[in-house]
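Please look over the sequence and the model below before reading on. The report then takes up selected helices and strands, the nonpolar core and the surroundings of the ligand.

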Amino acid sequence: MDSRGSRAVNVEDLRRIAKRRLPRAVFDYIDGGADGEVTLRENCRVFESVRFRARNAVAASPCSLRTTVLGTHIDLPFMLAPVGSSRLFFPRGECAAAREAGSAGTVYALSTLSGCALEDVKAASTGPVWYQLYLLGGRECATAAIERARQAGFSALVVTVDTAVAGQRERDARNGAKELLTRRFWAMLPHAGQFLARPRWLAGFVRDGGLMRFPNVVLAGSGPMQYADVGAALEQSTVSWADLAWIRDAWGSAPIVVKGILSGEDARRALDAGADSLVVSNHGGRQLDGVVPTLQALPEVVAAVGGRAEVYLDGGIRRGSDVVKALCLGARAVLIGRAYAYGLGAAGGAGVARAIEILRAGVVRTLRLLGCHDITALDASYVEIPRDWIR
Ligand SMILES: Cc1cc2nc3c(=O)[nH]c(=O)nc-3n(C[C@H](O)[C@H](O)[C@H](O)COP(=O)(O)O)c2cc1C
(Lines give C-alpha, C1' and ligand atoms only; values in the text may rest on other atoms or scores of the structure.)
Protein backbone atom coordinates (compact mmCIF):
# COMPACT_ATOMS: atom_id res chain seq x y z
CA MET A 1 0.00 0.00 0.00
CA ASP A 2 0.91 3.58 -0.42
CA SER A 3 2.90 4.32 2.75
CA ARG A 4 0.44 7.01 3.83
CA GLY A 5 -2.38 4.45 3.77
CA SER A 6 -0.53 2.01 6.00
CA ARG A 7 0.09 4.80 8.50
CA ALA A 8 -3.61 5.67 8.75
CA VAL A 9 -4.45 5.67 12.45
CA ASN A 10 -8.19 5.96 12.07
CA VAL A 11 -10.91 5.96 9.44
CA GLU A 12 -10.76 9.73 9.14
CA ASP A 13 -7.12 9.39 8.01
CA LEU A 14 -8.23 6.97 5.26
CA ARG A 15 -10.93 9.46 4.29
CA ARG A 16 -8.33 12.22 3.90
CA ILE A 17 -6.07 10.00 1.77
CA ALA A 18 -9.03 8.98 -0.42
CA LYS A 19 -9.87 12.64 -0.90
CA ARG A 20 -6.35 13.29 -2.18
CA ARG A 21 -6.36 10.29 -4.56
CA LEU A 22 -9.88 10.47 -6.01
CA PRO A 23 -11.42 13.02 -8.38
CA ARG A 24 -13.85 15.28 -6.52
CA ALA A 25 -16.92 13.72 -8.15
CA VAL A 26 -15.90 10.24 -7.02
CA PHE A 27 -14.88 11.26 -3.49
CA ASP A 28 -18.10 13.22 -2.99
CA TYR A 29 -20.15 10.30 -4.29
CA ILE A 30 -18.76 8.25 -1.39
CA ASP A 31 -18.65 10.97 1.23
CA GLY A 32 -21.87 12.86 0.55
CA GLY A 33 -25.45 12.45 1.70
CA ALA A 34 -28.89 13.61 0.69
CA ASP A 35 -30.09 17.24 0.78
CA GLY A 36 -28.71 19.09 3.81
CA GLU A 37 -26.82 15.94 4.98
CA VAL A 38 -28.51 16.19 8.39
CA THR A 39 -29.04 12.43 8.75
CA LEU A 40 -25.52 11.75 7.46
CA ARG A 41 -24.09 13.88 10.28
CA GLU A 42 -26.53 12.63 12.91
CA ASN A 43 -25.71 8.97 12.16
CA CYS A 44 -22.18 9.65 13.44
CA ARG A 45 -23.06 12.17 16.14
CA VAL A 46 -25.48 9.94 18.05
CA PHE A 47 -22.68 7.49 18.83
CA GLU A 48 -21.18 10.27 20.93
CA SER A 49 -24.29 10.56 23.08
CA VAL A 50 -24.10 6.93 24.21
CA ARG A 51 -21.79 6.52 27.22
CA PHE A 52 -20.02 3.38 28.35
CA ARG A 53 -20.34 1.91 31.86
CA ALA A 54 -17.00 0.13 32.16
CA ARG A 55 -16.30 -2.68 34.62
CA ASN A 56 -12.76 -2.08 35.76
CA ALA A 57 -10.30 -4.45 37.43
CA VAL A 58 -11.78 -7.39 35.52
CA ALA A 59 -9.27 -10.20 34.87
CA ALA A 60 -7.91 -9.89 31.33
CA SER A 61 -8.27 -12.83 29.01
CA PRO A 62 -8.19 -13.10 25.23
CA CYS A 63 -11.13 -11.32 23.62
CA SER A 64 -13.46 -13.19 21.34
CA LEU A 65 -14.91 -11.29 18.39
CA ARG A 66 -16.52 -14.34 16.85
CA THR A 67 -20.23 -14.49 16.32
CA THR A 68 -22.75 -15.98 13.94
CA VAL A 69 -25.03 -14.30 11.41
CA LEU A 70 -27.84 -16.37 9.95
CA GLY A 71 -26.11 -19.48 11.27
CA THR A 72 -22.73 -18.71 9.66
CA HIS A 73 -19.65 -18.12 11.82
CA ILE A 74 -17.83 -14.84 11.25
CA ASP A 75 -14.61 -13.70 12.92
CA LEU A 76 -15.63 -10.06 13.32
CA PRO A 77 -18.85 -8.40 14.48
CA PHE A 78 -18.86 -6.17 11.40
CA MET A 79 -19.52 -6.93 7.74
CA LEU A 80 -18.96 -4.94 4.53
CA ALA A 81 -22.16 -3.23 3.36
CA PRO A 82 -23.23 -3.03 -0.29
CA VAL A 83 -21.57 0.00 -1.86
CA GLY A 84 -22.50 0.63 -5.48
CA SER A 85 -19.97 1.61 -8.15
CA SER A 86 -16.97 0.55 -6.03
CA ARG A 87 -15.15 -0.09 -9.30
CA LEU A 88 -14.92 3.68 -9.71
CA PHE A 89 -12.93 3.95 -6.47
CA PHE A 90 -10.26 1.45 -7.49
CA PRO A 91 -9.78 -0.97 -10.41
CA ARG A 92 -11.88 -4.12 -9.86
CA GLY A 93 -13.00 -2.51 -6.60
CA GLU A 94 -15.74 -4.96 -5.64
CA CYS A 95 -13.43 -7.97 -6.07
CA ALA A 96 -10.72 -6.24 -4.03
CA ALA A 97 -13.10 -5.46 -1.15
CA ALA A 98 -14.65 -8.95 -1.19
CA ARG A 99 -11.17 -10.51 -1.07
CA GLU A 100 -10.24 -8.51 2.03
CA ALA A 101 -13.55 -9.28 3.76
CA GLY A 102 -12.98 -12.98 3.14
CA SER A 103 -9.39 -12.83 4.45
CA ALA A 104 -10.64 -11.15 7.61
CA GLY A 105 -13.31 -13.82 8.04
CA THR A 106 -16.37 -11.68 7.46
CA VAL A 107 -19.22 -11.11 5.01
CA TYR A 108 -19.03 -8.96 1.88
CA ALA A 109 -22.39 -7.76 0.53
CA LEU A 110 -22.31 -7.01 -3.19
CA SER A 111 -24.50 -4.21 -4.57
CA THR A 112 -26.71 -4.78 -7.61
CA LEU A 113 -25.05 -1.60 -8.90
CA SER A 114 -21.57 -3.05 -9.00
CA GLY A 115 -19.04 -2.90 -11.79
CA CYS A 116 -17.76 -6.48 -11.34
CA ALA A 117 -19.73 -9.57 -12.30
CA LEU A 118 -21.20 -11.30 -9.29
CA GLU A 119 -19.49 -14.61 -10.21
CA ASP A 120 -16.07 -12.90 -10.13
CA VAL A 121 -16.81 -11.32 -6.75
CA LYS A 122 -17.85 -14.65 -5.26
CA ALA A 123 -14.67 -16.24 -6.62
CA ALA A 124 -12.54 -13.45 -5.11
CA SER A 125 -13.66 -14.09 -1.54
CA THR A 126 -12.92 -17.00 0.75
CA GLY A 127 -15.72 -15.88 3.08
CA PRO A 128 -19.49 -15.65 2.91
CA VAL A 129 -20.87 -13.29 0.27
CA TRP A 130 -24.37 -11.79 0.18
CA TYR A 131 -26.12 -10.28 -2.84
CA GLN A 132 -27.98 -6.96 -2.45
CA LEU A 133 -31.00 -6.71 -4.69
CA TYR A 134 -32.59 -3.73 -6.40
CA LEU A 135 -35.41 -4.54 -8.79
CA LEU A 136 -33.68 -2.62 -11.58
CA GLY A 137 -34.74 -3.65 -15.05
CA GLY A 138 -37.98 -5.18 -13.78
CA ARG A 139 -38.97 -8.52 -12.37
CA GLU A 140 -37.51 -10.70 -15.12
CA CYS A 141 -34.15 -9.00 -14.94
CA ALA A 142 -34.12 -9.27 -11.12
CA THR A 143 -35.15 -12.93 -11.26
CA ALA A 144 -32.23 -13.65 -13.58
CA ALA A 145 -29.80 -11.92 -11.19
CA ILE A 146 -31.24 -13.85 -8.23
CA GLU A 147 -30.75 -17.10 -10.11
CA ARG A 148 -27.17 -16.17 -11.00
CA ALA A 149 -26.44 -15.26 -7.37
CA ARG A 150 -27.90 -18.57 -6.16
CA GLN A 151 -25.90 -20.56 -8.70
CA ALA A 152 -22.71 -18.69 -7.83
CA GLY A 153 -23.07 -19.53 -4.13
CA PHE A 154 -24.17 -16.25 -2.53
CA SER A 155 -25.57 -17.26 0.86
CA ALA A 156 -28.12 -14.48 1.58
CA LEU A 157 -30.14 -11.99 -0.42
CA VAL A 158 -30.28 -8.43 0.92
CA VAL A 159 -33.40 -6.59 -0.24
CA THR A 160 -32.98 -2.83 0.14
CA VAL A 161 -36.34 -1.12 0.76
CA ASP A 162 -35.42 2.55 1.19
CA THR A 163 -34.64 3.49 -2.41
CA ALA A 164 -38.00 4.27 -4.07
CA VAL A 165 -36.12 7.01 -5.93
CA ALA A 166 -32.47 8.03 -5.72
CA GLY A 167 -31.88 10.60 -2.98
CA GLN A 168 -30.95 14.12 -4.05
CA ARG A 169 -27.21 14.32 -3.42
CA GLU A 170 -26.41 17.94 -3.95
CA ARG A 171 -22.66 17.41 -4.20
CA ASP A 172 -23.20 15.06 -7.17
CA ALA A 173 -25.29 17.72 -8.91
CA ARG A 174 -22.60 20.39 -8.34
CA ASN A 175 -19.83 18.09 -9.54
CA GLY A 176 -21.65 17.54 -12.82
CA ALA A 177 -22.50 13.87 -12.28
CA LYS A 178 -25.38 14.08 -14.74
CA GLU A 179 -23.44 15.99 -17.39
CA LEU A 180 -20.46 13.64 -17.09
CA LEU A 181 -22.69 10.69 -17.93
CA THR A 182 -24.06 12.23 -21.11
CA ARG A 183 -20.81 11.31 -22.91
CA ARG A 184 -21.28 14.58 -24.83
CA PHE A 185 -18.00 16.45 -25.09
CA TRP A 186 -19.32 19.99 -24.55
CA ALA A 187 -21.52 18.97 -21.62
CA MET A 188 -18.64 17.11 -19.94
CA LEU A 189 -15.93 19.67 -20.60
CA PRO A 190 -16.65 22.09 -17.68
CA HIS A 191 -16.34 19.16 -15.25
CA ALA A 192 -13.34 17.37 -16.76
CA GLY A 193 -10.65 19.21 -14.77
CA GLN A 194 -11.29 17.22 -11.58
CA PHE A 195 -10.27 14.01 -13.39
CA LEU A 196 -7.18 15.48 -15.03
CA ALA A 197 -6.10 16.65 -11.58
CA ARG A 198 -5.89 13.01 -10.43
CA PRO A 199 -3.64 11.36 -13.07
CA ARG A 200 -2.87 8.26 -10.97
CA TRP A 201 -6.55 7.52 -10.49
CA LEU A 202 -7.24 8.30 -14.15
CA ALA A 203 -4.57 5.87 -15.38
CA GLY A 204 -6.06 3.07 -13.25
CA PHE A 205 -9.58 3.93 -14.40
CA VAL A 206 -8.59 3.79 -18.07
CA ARG A 207 -6.64 0.53 -17.58
CA ASP A 208 -9.73 -0.93 -15.88
CA GLY A 209 -11.85 -0.25 -18.98
CA GLY A 210 -13.20 3.24 -18.20
CA LEU A 211 -16.79 3.87 -17.20
CA MET A 212 -18.27 0.50 -16.45
CA ARG A 213 -21.68 -0.91 -17.22
CA PHE A 214 -23.55 -2.93 -14.61
CA PRO A 215 -22.87 -6.59 -15.43
CA ASN A 216 -25.44 -7.87 -12.93
CA VAL A 217 -28.33 -5.89 -14.43
CA VAL A 218 -28.74 -7.51 -17.81
CA LEU A 219 -31.60 -5.95 -19.78
CA ALA A 220 -33.47 -7.97 -22.38
CA GLY A 221 -32.30 -6.83 -25.79
CA SER A 222 -29.65 -4.33 -24.68
CA GLY A 223 -27.34 -6.26 -22.33
CA PRO A 224 -25.72 -4.85 -19.15
CA MET A 225 -27.31 -1.57 -18.01
CA GLN A 226 -25.47 1.63 -18.84
CA TYR A 227 -24.29 3.86 -16.00
CA ALA A 228 -26.39 6.82 -17.13
CA ASP A 229 -29.66 4.90 -16.91
CA VAL A 230 -29.62 4.22 -13.14
CA GLY A 231 -31.71 7.14 -11.84
CA ALA A 232 -34.66 6.52 -14.14
CA ALA A 233 -34.43 2.76 -13.67
CA LEU A 234 -34.52 3.10 -9.87
CA GLU A 235 -37.77 5.07 -10.07
CA GLN A 236 -39.39 2.22 -11.95
CA SER A 237 -38.20 -0.46 -9.59
CA THR A 238 -39.72 0.33 -6.21
CA VAL A 239 -39.93 -2.75 -4.05
CA SER A 240 -43.04 -3.39 -1.93
CA TRP A 241 -43.76 -5.90 0.82
CA ALA A 242 -45.82 -7.95 -1.66
CA ASP A 243 -42.71 -8.40 -3.84
CA LEU A 244 -41.03 -10.41 -1.09
CA ALA A 245 -43.30 -13.36 -1.99
CA TRP A 246 -41.98 -13.78 -5.55
CA ILE A 247 -38.47 -12.87 -4.46
CA ARG A 248 -38.70 -15.71 -1.94
CA ASP A 249 -39.93 -18.10 -4.66
CA ALA A 250 -37.04 -17.15 -6.92
CA TRP A 251 -34.40 -17.28 -4.17
CA GLY A 252 -35.53 -20.50 -2.49
CA SER A 253 -35.02 -21.29 1.17
CA ALA A 254 -31.77 -19.36 1.78
CA PRO A 255 -32.07 -16.29 4.02
CA ILE A 256 -33.51 -12.93 2.99
CA VAL A 257 -32.24 -9.84 4.80
CA VAL A 258 -34.36 -6.69 4.58
CA LYS A 259 -32.23 -3.53 4.65
CA GLY A 260 -33.67 -0.11 5.41
CA ILE A 261 -35.76 -0.59 8.58
CA LEU A 262 -36.12 2.39 10.93
CA SER A 263 -39.26 1.68 12.98
CA GLY A 264 -40.93 -1.08 14.94
CA GLU A 265 -43.88 -1.05 12.49
CA ASP A 266 -41.67 -1.68 9.45
CA ALA A 267 -39.73 -4.32 11.35
CA ARG A 268 -42.94 -6.26 12.00
CA ARG A 269 -44.09 -5.81 8.38
CA ALA A 270 -40.79 -7.12 7.06
CA LEU A 271 -40.91 -10.19 9.28
CA ASP A 272 -44.56 -10.84 8.33
CA ALA A 273 -43.54 -10.58 4.67
CA GLY A 274 -40.91 -13.30 5.16
CA ALA A 275 -37.64 -11.56 6.10
CA ASP A 276 -35.17 -13.70 8.02
CA SER A 277 -33.20 -10.77 9.42
CA LEU A 278 -33.23 -6.98 9.30
CA VAL A 279 -30.78 -4.13 8.85
CA VAL A 280 -31.59 -0.93 10.69
CA SER A 281 -30.37 1.46 8.01
CA ASN A 282 -31.06 4.84 6.48
CA HIS A 283 -28.68 4.15 3.59
CA GLY A 284 -25.95 6.12 5.31
CA GLY A 285 -28.02 9.33 5.10
CA ARG A 286 -28.10 9.14 1.29
CA GLN A 287 -31.85 8.74 0.80
CA LEU A 288 -34.50 10.56 2.88
CA ASP A 289 -32.74 13.33 4.77
CA GLY A 290 -34.22 14.01 8.21
CA VAL A 291 -35.00 10.42 9.17
CA VAL A 292 -33.87 9.16 12.54
CA PRO A 293 -30.20 8.25 12.95
CA THR A 294 -29.85 4.49 12.99
CA LEU A 295 -28.36 3.95 16.45
CA GLN A 296 -31.32 5.84 17.90
CA ALA A 297 -33.80 3.71 15.91
CA LEU A 298 -32.16 0.45 16.99
CA PRO A 299 -33.78 -0.05 20.45
CA GLU A 300 -37.29 0.37 19.02
CA VAL A 301 -36.62 -2.16 16.23
CA VAL A 302 -34.97 -4.65 18.60
CA ALA A 303 -37.96 -4.41 20.96
CA ALA A 304 -40.47 -4.89 18.12
CA VAL A 305 -38.60 -7.93 16.80
CA GLY A 306 -38.53 -9.46 20.27
CA GLY A 307 -35.85 -12.04 19.48
CA ARG A 308 -37.70 -13.48 16.45
CA ALA A 309 -34.90 -12.48 14.05
CA GLU A 310 -31.37 -11.09 14.02
CA VAL A 311 -31.11 -7.32 13.77
CA TYR A 312 -28.05 -5.63 12.25
CA LEU A 313 -27.28 -1.92 12.03
CA ASP A 314 -25.41 0.30 9.63
CA GLY A 315 -24.78 4.03 9.47
CA GLY A 316 -22.09 6.16 11.06
CA ILE A 317 -19.70 3.40 12.18
CA ARG A 318 -16.22 4.93 12.12
CA ARG A 319 -14.59 3.39 15.21
CA GLY A 320 -14.42 0.06 17.00
CA SER A 321 -16.19 1.65 19.95
CA ASP A 322 -19.15 2.47 17.63
CA VAL A 323 -19.42 -1.23 16.76
CA VAL A 324 -19.45 -2.10 20.46
CA LYS A 325 -22.15 0.48 21.26
CA ALA A 326 -24.43 -0.92 18.55
CA LEU A 327 -23.91 -4.44 19.88
CA CYS A 328 -24.73 -3.26 23.41
CA LEU A 329 -28.03 -1.86 22.12
CA GLY A 330 -29.06 -5.17 20.58
CA ALA A 331 -27.48 -5.42 17.12
CA ARG A 332 -26.24 -8.90 16.34
CA ALA A 333 -23.56 -7.38 14.10
CA VAL A 334 -23.10 -4.18 12.09
CA LEU A 335 -22.28 -3.30 8.51
CA ILE A 336 -19.75 -0.70 7.51
CA GLY A 337 -20.09 1.36 4.33
CA ARG A 338 -17.94 4.46 4.05
CA ALA A 339 -15.36 3.18 6.55
CA TYR A 340 -14.14 0.60 4.02
CA ALA A 341 -15.06 2.63 0.91
CA TYR A 342 -12.60 5.33 2.04
CA GLY A 343 -9.96 2.59 2.39
CA LEU A 344 -10.72 1.30 -1.10
CA GLY A 345 -10.50 4.81 -2.52
CA ALA A 346 -7.28 5.50 -0.61
CA ALA A 347 -5.32 2.37 -1.53
CA GLY A 348 -7.47 -0.42 -3.01
CA GLY A 349 -7.53 -3.79 -1.22
CA ALA A 350 -4.72 -2.73 1.12
CA GLY A 351 -6.80 0.25 2.21
CA VAL A 352 -9.82 -1.97 2.87
CA ALA A 353 -7.60 -4.27 4.93
CA ARG A 354 -6.35 -1.25 6.88
CA ALA A 355 -9.94 -0.09 7.56
CA ILE A 356 -10.88 -3.56 8.81
CA GLU A 357 -7.80 -3.74 11.02
CA ILE A 358 -8.42 -0.27 12.51
CA LEU A 359 -11.97 -1.30 13.45
CA ARG A 360 -10.97 -4.77 14.67
CA ALA A 361 -8.27 -3.39 16.95
CA GLY A 362 -10.72 -0.75 18.19
CA VAL A 363 -13.31 -3.38 19.10
CA VAL A 364 -10.71 -5.43 21.02
CA ARG A 365 -9.39 -2.39 22.89
CA THR A 366 -12.91 -1.23 23.77
CA LEU A 367 -13.89 -4.67 25.05
CA ARG A 368 -10.83 -4.89 27.26
CA LEU A 369 -11.37 -1.41 28.67
CA LEU A 370 -15.03 -2.23 29.25
CA GLY A 371 -14.16 -5.38 31.16
CA CYS A 372 -15.93 -7.73 28.77
CA HIS A 373 -14.09 -10.41 26.84
CA ASP A 374 -16.69 -11.70 24.46
CA ILE A 375 -18.78 -9.63 22.08
CA THR A 376 -21.67 -12.04 22.51
CA ALA A 377 -21.83 -11.03 26.20
CA LEU A 378 -22.38 -7.33 25.46
CA ASP A 379 -25.73 -5.91 26.52
CA ALA A 380 -27.41 -2.66 27.55
CA SER A 381 -25.84 -2.81 31.02
CA TYR A 382 -22.54 -1.63 29.44
CA VAL A 383 -24.01 1.67 28.20
CA GLU A 384 -26.14 4.63 29.16
CA ILE A 385 -28.41 6.10 26.52
CA PRO A 386 -30.05 9.53 26.57
CA ARG A 387 -33.43 9.42 28.36
CA ASP A 388 -35.35 10.83 25.41
CA TRP A 389 -34.45 7.78 23.27
CA ILE A 390 -36.88 5.64 25.26
CA ARG A 391 -40.43 5.98 23.99
C1 LIG B 1 -20.93 5.20 -2.04
C2 LIG B 1 -22.06 4.40 -1.46
C3 LIG B 1 -22.83 3.60 -2.29
C4 LIG B 1 -23.86 2.83 -1.75
N5 LIG B 1 -24.57 1.98 -2.56
C6 LIG B 1 -25.52 1.18 -2.03
C7 LIG B 1 -26.19 0.23 -2.85
O8 LIG B 1 -25.93 0.09 -4.03
N9 LIG B 1 -27.15 -0.54 -2.25
C10 LIG B 1 -27.47 -0.43 -0.92
O11 LIG B 1 -28.35 -1.14 -0.43
N12 LIG B 1 -26.83 0.47 -0.14
C13 LIG B 1 -25.87 1.25 -0.64
N14 LIG B 1 -25.20 2.14 0.16
C15 LIG B 1 -25.52 2.21 1.58
C16 LIG B 1 -24.66 1.26 2.41
O17 LIG B 1 -24.98 -0.08 2.13
C18 LIG B 1 -24.85 1.49 3.93
O19 LIG B 1 -26.22 1.43 4.21
C20 LIG B 1 -24.27 2.83 4.39
O21 LIG B 1 -23.08 3.13 3.71
C22 LIG B 1 -24.01 2.79 5.88
O23 LIG B 1 -23.56 4.03 6.34
P24 LIG B 1 -22.00 4.41 6.55
O25 LIG B 1 -21.49 4.71 5.18
O26 LIG B 1 -22.06 5.59 7.44
O27 LIG B 1 -21.32 3.20 7.14
C28 LIG B 1 -24.15 2.90 -0.36
C29 LIG B 1 -23.36 3.72 0.46
C30 LIG B 1 -22.32 4.45 -0.07
C31 LIG B 1 -21.47 5.28 0.85
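This is a predicted model: local features need pLDDT of at least 70, side-chain atom pairs count only at pLDDT 80 or more; totals for chains, interfaces and linings use all residues.

Glycine 252 follows α14 and has a positive phi, near 85 degrees.

Helix α2 (residues 11–21) can be read in a similar way. Its buried residues are Val11, Leu14, Arg15, Ile17, Ala18 and Arg21, and because they cover an arc of only 165 degrees around the axis, they lie on the same side of α2.

In soluble globular proteins, nonpolar side chains tend to be buried together. Here the largest nonpolar core holds 121 residues, of which Leu80, Leu157, Leu278 and Val334 touch the most other members, and α18 gives the most to this core, with 16 residues. Leaving aside neighbours within four places in sequence, leucine 80 is in contact with Ala97, Ala101, Thr106, Val107, Tyr108, Ala109, Leu335, Ile336 and Tyr340.

Tyrosine 108, one of these contacts of leucine 80, also stands opposite valine 129 in β6. Strand β5 (residues 108–110) runs parallel to β6, and three bridges join the two. Five of the five residues of β6 (residues 129–133) are buried, so this strand is largely enclosed by the rest of the structure. In a regular strand the side chains alternate between the two faces of the sheet. In β6, Val129, Tyr131 and Leu133 point one way and Trp130 and Gln132 the other way, and all are buried.

**The shell around the ligand**

The ligand is surrounded by 25 residues, and the closest are Gly84, Ser111, Gly284, Gly337 and Arg338. The elements that give two or more residues to this shell are α3 (24–31) and α18 (338–370); α18 gives the most, with three residues. By type, the shell divides into 10 nonpolar, 11 polar and four charged residues.

Which residues have a positive phi although they are not glycines? Aspartate 35 has a positive phi of about 50 degrees, and glutamate 37 has one of about 60 degrees. Aspartate 35 is placed in the loop between α3 and α4 (38–48), and glutamate 37 is likewise found in the loop between α3 and α4.

| Residue | Phi | C-beta neighbours inside 10 Å | Class |
|---|---|---|---|
| Aspartate 35 | about 50 degrees | 17 | partly exposed |
| Glutamate 37 | about 60 degrees | 17 | partly exposed |

Glutamate 300, by contrast, is located in helix α16 (residues 294–305). Why does glutamate 300 count as buried? Glutamate 300 counts as buried because it has 20 C-beta neighbours inside 10 Å, and a residue is buried if 20 or more other C-beta atoms lie within that distance of its own. Glutamate 300 and serine 263 are 37 residues apart in sequence, yet their C-alpha atoms are 6.5 Å apart in space.

Note on methods
Residues are numbered from 1 along each chain as its sequence is written. A residue is near a molecule or strand if its C-beta atom, placed from the backbone, lies within 6 Å of it. Helices (H or I, at least four residues) and strands (E, at least two) are DSSP runs, numbered from the N terminus. Ala, Val, Leu, Ile, Met, Phe, Trp, Tyr, Cys and Pro count as nonpolar, Asp, Glu, Lys and Arg as charged, and the others, Gly among them, as polar. A residue is buried if 20 or more other C-beta atoms lie within 10 Å of its own, exposed if 12 or fewer, and partly exposed in between; C-beta atoms are placed from the backbone. The arc is that of the directions from the helix axis to the C-beta atoms. A nonpolar core is a set of buried Ala, Val, Leu, Ile, Met, Phe, Trp, Tyr and Cys residues joined through C-beta atoms within 7 Å. Two residues are in contact if their C-beta atoms, placed from the backbone, lie within 7 Å. Two strands pair if DSSP finds at least two bridges between them.
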